[in-house]
Amino acid sequence: MSASLERRYRAALDWYPAEWRHANADAMLDTLLDEAEATGRVKPAPAQTLNLLAFAARERIRTAMPVAVRDRSSALAWGVGAAISVVMFVCIEWAPWPTADPRVLPPGVGLGPFMSATTVVLGLWAASFLAALVGAGTIARWILAATLPASLALVLFDTQPWAALRAPSSSLLFLALMALIALQGSPAATARGRAWLAVCAIGATGFVLPGVVHAAATRVSDDSWISRIAWADVTRPLYWGAALLGVALVAAIARRLTWSAAALVAVVPSLLFFAALLVASGGAVILAVAIGVATAAVVLVRRSGYRVVVQRRE
Amino acid sequence: MTTTEMREPTFLVLAALADGRKHGYALIAEAAELSDGRVQLKVGTLYAALDRLGEQNLVEGAGEEIVGGRLRRYYRLTNAGAARLEQEAARLASNAANARAKLRGRSAGTVASA
């Protein structure tokens, strides 16, 4: 066993939060080195390192966020993502009605009757939601995780006929970020969590439908709302960001603080898009200063030994 | 209260502890042997499972020792863990028996129709 192997495994274990490291790192290192000795390994296996990275990230999320907030934010993101996916599938990918839209499929392009293989991503989203709804949480998470490489494949191979008319990268990225938020909780594990999933999806569908009808009705290139609508109209991150901020505000007023915190977590993907928009419109300096000040404040508070605690008033 | 289905790695960790206390790598080796080499637990997965099983009071620490300058920690099954393992083993055995009964019915039907 080499000192370098031990050092590299220790470096990988450093990804875990301090509390976990204190409790488990030495025992884990012993197991890692036992495994290396038994298999004659002289450097860490990539799969083992990736596994440590994934569980360290999970542990950091668990440490930073209470289970109640994680499960609720997961239900919100899963419900919103599923609603977006179903609407996208019906109104854009499939659009089984006669369409007057000039973006009607050219010959040889698309995936069967669908516009592109974005259908696969949307189908996986819908399937994962249904699996979560019936309590098959593990299967649901695997299916949802599969949307991430599927989206990446669409972006990488967009010269192929099946991906030529794919959803824009921004829509796929927004769904991917919502999938990551959904994956960090387990709402499917309890009957109450599954009820949250249903309510969130119904609420999100109700919220998106007026927007879809409005978007379709204001198309200038065609003569009716039954044409394929534009991708950006359904997945506009700022639209969903405003909705989730609204949920956070209403929940805070109603003193449902866990839901309020969960909605703020689910709004993070929209905030990232907002930041990108700010950068693109010349606000990079403002954003950099804001991030710099926030980082400096966090570092200052941590280094000074203080901890900021949110506590209910007596 | 209904008990949710147990995932295979969890089942194998509990089964590996059924005959006495074991340390981390012994658990990985035993889980591989029990599954005929199909399940190779990664260390991150194993310790996350042990942490969760500890929270559920199904597994507990069973001492530590220093071996070759390294900390070796042992785990053992609690009584609740043994009961849960027994319950899951019974559920799997029942499923397997039902499947075999169906298969016997199928072969009898095939013979009759031939």
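The questions and answers below go through a predicted model with chains A and B.

Residues are numbered from 1 along each chain as its sequence is written, and chains are lettered from A in the order in which they are written. Because the model is predicted, local features need pLDDT of at least 70 and side-chain atom pairs count only at pLDDT 80 or more, while totals for chains, interfaces and linings use all residues.

Q: In what order do the elements of chain B run from the N terminus on?
A: Helices (H or I, at least four residues) and strands (E, at least two) are DSSP runs, numbered from the N terminus. Chain B has four helices and three strands. From the N terminus on, their order is α-β-α-α-β-β-α.

Q: What percentage of the 114 residues in chain B is buried?
A: A residue is buried if 20 or more other C-beta atoms lie within 10 Å of its own, exposed if 12 or fewer, and partly exposed in between, with C-beta atoms placed from the backbone. Among the 114 residues of chain B, the buried share is 28%.

Q: Which element of chain B gives the largest share of the side that touches chain A?
A: Two residues are in contact if their C-beta atoms, placed from the backbone, lie within 7 Å. The contact takes 14 residues from chain B and 19 residues from chain A. On the side of chain B, the elements that give two or more residues are helix H2 (24-34), helix H3 (43-55) and strand E3 (70-77). The largest share, five residues, comes from H3(B).

Q: How many nonpolar, polar and charged residues are on the side of chain B that touches chain A?
A: Ala, Val, Leu, Ile, Met, Phe, Trp, Tyr, Cys and Pro count as nonpolar, Asp, Glu, Lys and Arg as charged, and the others, Gly among them, as polar. By these classes, that side of chain B has six nonpolar, three polar and five charged residues.

Q: How far apart are the end C-alpha atoms of helix H3 of chain A?
A: The expected span of a helix is 1.5 Å times one less than its number of residues. H3(A) has 19 residues (46-64), so it should span 27 Å. The distance between its end C-alpha atoms agrees with this, at 27 Å.

Q: Why do the buried residues of H3(A) count as being on the same side?
A: The buried residues in H3(A) are Leu52(A), Phe55(A), Ala56(A) and Glu59(A). The arc is that of the directions from the helix axis to the C-beta atoms. These residues are on the same side of H3(A) because they cover an arc of only 110°.

Q: What covers the buried residues of H3(A)?
A: On the other side of H3(A), Pro46(A), Ala47(A) and Ala64(A) are exposed. The cover over the buried residues includes helix H1 (3-13) and helix H2 (18-39) of chain A, together with H3 of chain B.

Q: Which elements do the buried residues of H1(A) pack against?
A: In H1(A), Tyr9(A), Ala12(A) and Leu13(A) are buried. They cover an arc of only 100° around the axis, so they are on the same side of H1(A). The face turned away from this buried side carries the exposed residues Ala3(A), Ser4(A), Arg7(A) and Ala11(A). The buried residues of H1(A) pack against H2 and H3 of chain A.

Q: Is H1(B) roughly parallel or roughly perpendicular to H3(B)?
A: Axes are lines fitted to C-alpha atoms, for helices over the stretch in contact, and angles run from 0 to 180 degrees between N-to-C directions. Angles under 35 degrees count as roughly parallel, over 145 as roughly antiparallel, 65 to 115 as roughly perpendicular and the rest as oblique. The axes of H1(B) (residues 8-16) and H3(B) come within 10 Å and cross at roughly 75°. H1(B) is therefore roughly perpendicular to H3(B).

Q: Which residues of H3(B) make the contact with H1(B)?
A: The residues of this contact divide into four nonpolar, two polar and no charged. From H1(B) come Pro9(B), Thr10(B) and Val13(B), and from H3(B) come Thr45(B), Ala49(B) and Leu53(B).

Q: Is Asn57(B) buried or exposed?
A: Asn57(B) lies in the loop between H3 and strand E2 (59-67) of chain B. Although not a glycine, Asn57(B) has a positive phi of about 60°. Because 12 C-beta neighbours lie inside 10 Å, Asn57(B) counts as exposed.
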